[in-house]
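Q: I am new to this structure and would like to learn how to read its features one at a time. Could you take me through them slowly?

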Amino acid sequence: MRIYNNDGSEAGACGNGMRCIADLLFTETGKRTLTFETKAGLINCWKGAAPLVSTVDMGLPRFAWNEIPLSEEFRDTRAIELQIGPIDAPVLHSPSVVNMGNPHAIFWVEDVTPTTSARSGRSWRTTRCFPSAPNISLAAVTSREHIVLRTWERGAGLTKACGSAACAAAVAAARLRRTGRQVTVTLPGGDLLIDWREGDDHVLMTGPVEYEYEGRFDPALFAAVGVA
């Protein structure tokens, strides 16, 4: 499986995309488990207990500064020393950083608003702290079991849902002891259940699937941009 953003760039991981493709193949093949080969590695999916629900194993989160990666060393990536805005009154500061197949920076806020999310994403796209543009999220923890999230996704902009960002936020919140290891993450597109599984530390994402439409790309379009 190869994943492309709407600006033509290739994504390393897309948990929601994998769940959608898995659901189509569950119906087509009758299977209940599938494994996808992606740029981020092998990803396992399985059919949920309820109709039109699927789970994807997003694998192990990575926390080391050179695995995220960052441009300079930070020993503790639960909260790195970075900020947006004036030094004496930053708008946002001390993000948690995690790699969930692609790099994520999560800022903790009291309230999540689309305007702030969009401004933050644009401000951080070109930051020198990351050798490649990260996904930027604003996260508000409303309880030990619930996070509200807005994400500026690289290659896509302000998005209605980002599965890897939901996983990154859930893991980062648990590392900071803001939540437990099982949380519901609410995004504009709906809710995702994230389980940072004890025992092997894999991150499981479960959520609904809804059929929208189908179409077919002309192979000539891929040839024009050098995609095999």
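Q: Which element gives the largest share of the lining of the largest pocket?

A: Before the answer, a general idea: rolling a probe the size of a water molecule over the atoms shows where empty space is left. In this model, which is predicted, the largest pocket holds about 2400 Å³ of space, and helix 1 supplies the largest share of its lining, with 10 residues.

Q: Which residues lie nearest the centre of the largest pocket, and which elements give two or more residues to its lining?

A: The lining has 49 residues, and those nearest the centre are Cys14, Gly17, Cys20, Ile21 and Tyr213. The elements that give two or more residues to this lining are strand 1 (3-4), helix 1 (15-29), strand 12, helix 3 (163-175), strand 14 (190-196) and helix 4 (219-224).

Q: How do the residues of that lining divide into nonpolar, polar and charged?

A: In the lining of the largest pocket, 26 residues are nonpolar, 12 are polar and 11 are charged.

Q: How many disulfides does the count come to?

A: In general, a disulfide is a covalent bond between the sulfur atoms of two cysteines. Here the count comes to zero disulfides. For Cys14, the closest cysteine sulfur is that of Cys162, and because the two sulfurs are 7.2 Å apart, they are too far for a bond. For Cys20, the closest cysteine sulfur belongs to Cys14, at 7.8 Å, which is likewise too far for a bond. As for accessibility, Cys14 counts as partly exposed at 23%, and Cys20 also counts as partly exposed, at 35%.

Q: Which residue of strand 13 is the bridge partner of Ile147?

A: The partner of Ile147 in strand 13 is Val185, while Ile147 is itself the bridge partner, in strand 11, of Val141. At the pairing with strand 12, Glu153 has Gly157 as its bridge partner, and in the hairpin of strand 11 and strand 12, with three residues between the strands, Gly155 takes a positive phi near 85°.

Q: Why is strand 11 described as largely enclosed by the rest of the structure?

A: Strand 11 (residues 146-153) is described in this way because six of its eight residues are buried.

Technical notes. Residues are numbered from 1 along each chain as its sequence is written. This is a predicted model: local features need pLDDT of at least 70, side-chain atom pairs count only at pLDDT 80 or more; totals for chains, interfaces and linings use all residues. Side-chain values use heavy atoms; hydrogens and water are left out. Buried means under 20% relative accessible area, exposed over 50%, partly exposed in between (1.4 Å probe, protein chains only). Helices (H or I, at least four residues) and strands (E, at least two) are DSSP runs, numbered from the N terminus. Two strands pair if DSSP finds at least two bridges between them. On a 1 Å grid over the protein atoms alone, a cavity is a set of points where a 1.4 Å probe fits but cannot get out, and a pocket is an open set with protein on both sides within 12 Å along at least five of seven lines; lining residues have an atom within 4 Å of a point. Grid points are joined across faces, edges and corners, and a volume is the space filled by probe spheres set on the points. Ala, Val, Leu, Ile, Met, Phe, Trp, Tyr, Cys and Pro count as nonpolar, Asp, Glu, Lys and Arg as charged, and the others, Gly among them, as polar. A disulfide is a pair of cysteine sulfur atoms within 2.5 Å.
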